[in-house]
Amino acid sequence: MIYFDNNASTRISDDVYEAMKPFFGELYANPSSSHRFGGSVRKAVEDARARVAKLIGAEPDEIVFTGSGTEADNSAIMSALESNPSKKHIITTAVEHHAVLNLCRNLSNKGYRITYLPVDSLGAMDLKELENAICDDTAVVSIMYANNETGVLFPVGEIAKIAKKKGVTFHTDAVQAVGKVPIDVKAMDVDMLSLSGHKLHAPKGVGMLYVRGGIDFFPYLIGGHQERGRRAGTENVASIVGLGMACETAMKNLASEAEYIRNLRDRLEAGILKNCPDSRINGDRVNRLPNTANIGFGYVEGEAILVRLDMKGICASSGSACTAGSVEPSHVLRAMKVPVDFVHGSIRFSFGKYNTQAEVDEALAVIPEIIKVLVEMSPFGKGIQRL
Ligand code: PLP
């Protein structure tokens, strides 16, 4: 199998797996217990907290462990709303992950006004539009660090400056960025930042919300006093320890891995652009994550490409959603106004440290033929006019 779907999830690395094992066996105490046994487990959680903090340039007590990236995103936005109960306006972008978008949709049904900032054809936002959108009623700005479908990076430092100038809380969903590009929350001056374990070789079902020291924070899950009263529920100790290990490893190897992965990605892109006549890269080719390629294939259906890739043992994805029996192209590509002949046939290939050049070459040996066959079958194939 060739796994080019690392933005969906990553393989747990061996060091992470080894670090977690004792917490499924002998180290089972509750980290909140006052006995020494509980204390040894608590220490493991605190060590993990320090490792996660270091990767993003935070202080350990600014780290709140959560049950997922989605929970971190929801907690951040809901906390900002609770901190500003009289304010009813939220600013985000049209290309966020559904963890943010669907929460905003839900909130709009409850009386909040949402501004979905547009992006241009490269997937970039306009800072002027952000500045103009902020008003006295704005409670929070939530804008992603890197887009999960195209890898396009957002100018988070500049967004933070604008939000600060206007006195508005700023949250960034950095789920796809952490471990792939260097992040320094202090230098960028963000208020809250989300990450998710399973995108950086830690397990699924663990995430983290950075909450800048000194800002008001209201817990999303209410109950016990875990996480200094900021997230109730007994900690998922094994996964937290795994996340800590994954962050430490990511920090050590960030630059070399990014370079290795970028070369694989660029090799696949170059091979496809050369051998598939009607193909294009969606999104900014420079200002993006090193591991993500979003490639549009003209006149074909993405789902058909994915099925044929799968039959060859290649895992990739499209951002399409099946709704009411039809396949809707990705909201991200539609917001970028990717031309109609390409938007349906766009595929995301996302790379990770376990991929190899041999895998890229194996994929390049089959992809052009798959596309050629599908273009020949397509009623919209080149030369045939759309009605
Ligand atoms: N935000 C982004 C940008 C993502 O890509 C994802 C997952 O794909 C999430 C949030 C949700 O993270 P989780 O799967 O941990 O809930």
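Arg280 lies over the face of Phe342, 5.8 Å from the ring centre; a charge is taken to sit over a ring if NZ of Lys or CZ of Arg is within 6 Å of the ring centre and within 35 degrees of the ring normal. Arg11 is likewise placed over the face of Tyr354, at 4.3 Å from the ring centre. The model is a predicted one, in which local features need pLDDT of at least 70 and side-chain atom pairs count only at pLDDT 80 or more, while totals for chains, interfaces and linings use all residues. Residues are numbered from 1 along each chain as its sequence is written, and side-chain values use heavy atoms, with hydrogens and water left out.

Aromatic pairs were assigned to rings of Phe, Tyr and Trp (its six-membered ring) with centres within 6.5 Å, and were classed as stacked for planes under 30 degrees apart, edge-to-face for over 60 and tilted for the rest. Three aromatic pairs are counted by this rule. In one of them, Phe4 and Phe351, the ring centres are 4.6 Å apart and the planes stand at 45 degrees, so the pair is tilted. This pair links distant parts of the chain, 347 residues apart: Phe4 is in the loop between β1 (2-3) and α1 (14-20), and Phe351 is in the loop between β14 (346-350) and α13 (357-377). Helices (H or I, at least four residues) and strands (E, at least two) are DSSP runs numbered from the N terminus. Phe4 is buried at a relative accessible area of 0%, and Phe351 is also buried, at 2%. Buried means under 20% relative accessible area, exposed over 50% and partly exposed in between (1.4 Å probe, protein chains only).

A tilted pair is also formed by Tyr299 and Phe342, because their planes are at 45 degrees, with the ring centres 6.4 Å apart. Tyr299, in the loop between β10 (292-297) and α10 (302-311), and Phe342, in helix α12 (residues 340-343), are 43 residues apart and belong to distant parts of the chain. Tyr299 has a relative accessible area of 17% and is buried; Phe342 is buried at 15%.

The ligand is surrounded by 13 residues, the closest being Gly69, Thr70, Asp173, Ser196 and Lys199, where a residue is near a molecule if one of its heavy atoms lies within 4 Å of it. Helix α3 (residues 69-83) supplies three residues, the largest share of this shell. By class the shell has two nonpolar, eight polar and three charged residues; Ala, Val, Leu, Ile, Met, Phe, Trp, Tyr, Cys and Pro count as nonpolar, Asp, Glu, Lys and Arg as charged, and the others, Gly among them, as polar. An oxygen atom of the ligand lies 2.8 Å from a backbone N or O atom of Gly69. A side-chain N or O atom of Thr70 is 2.5 Å from a ligand oxygen atom, and for a polar side-chain atom of Ser196 the distance to an oxygen atom of the ligand is 2.6 Å. Of the 390 Å² of accessible area that the ligand has on its own, the protein covers 88% (Shrake-Rupley method, 1.4 Å probe).

His171 is located in strand β6 (residues 169-173) and is buried, with a relative accessible area of 0%. Its side chain is joined to that of Ser194 by a polar contact of 2.7 Å; such a contact is a pair of N or O atoms within 3.5 Å, and within protein one must be able to donate a hydrogen and the other to accept it, with residues adjacent in sequence counted only if both atoms are side-chain atoms.
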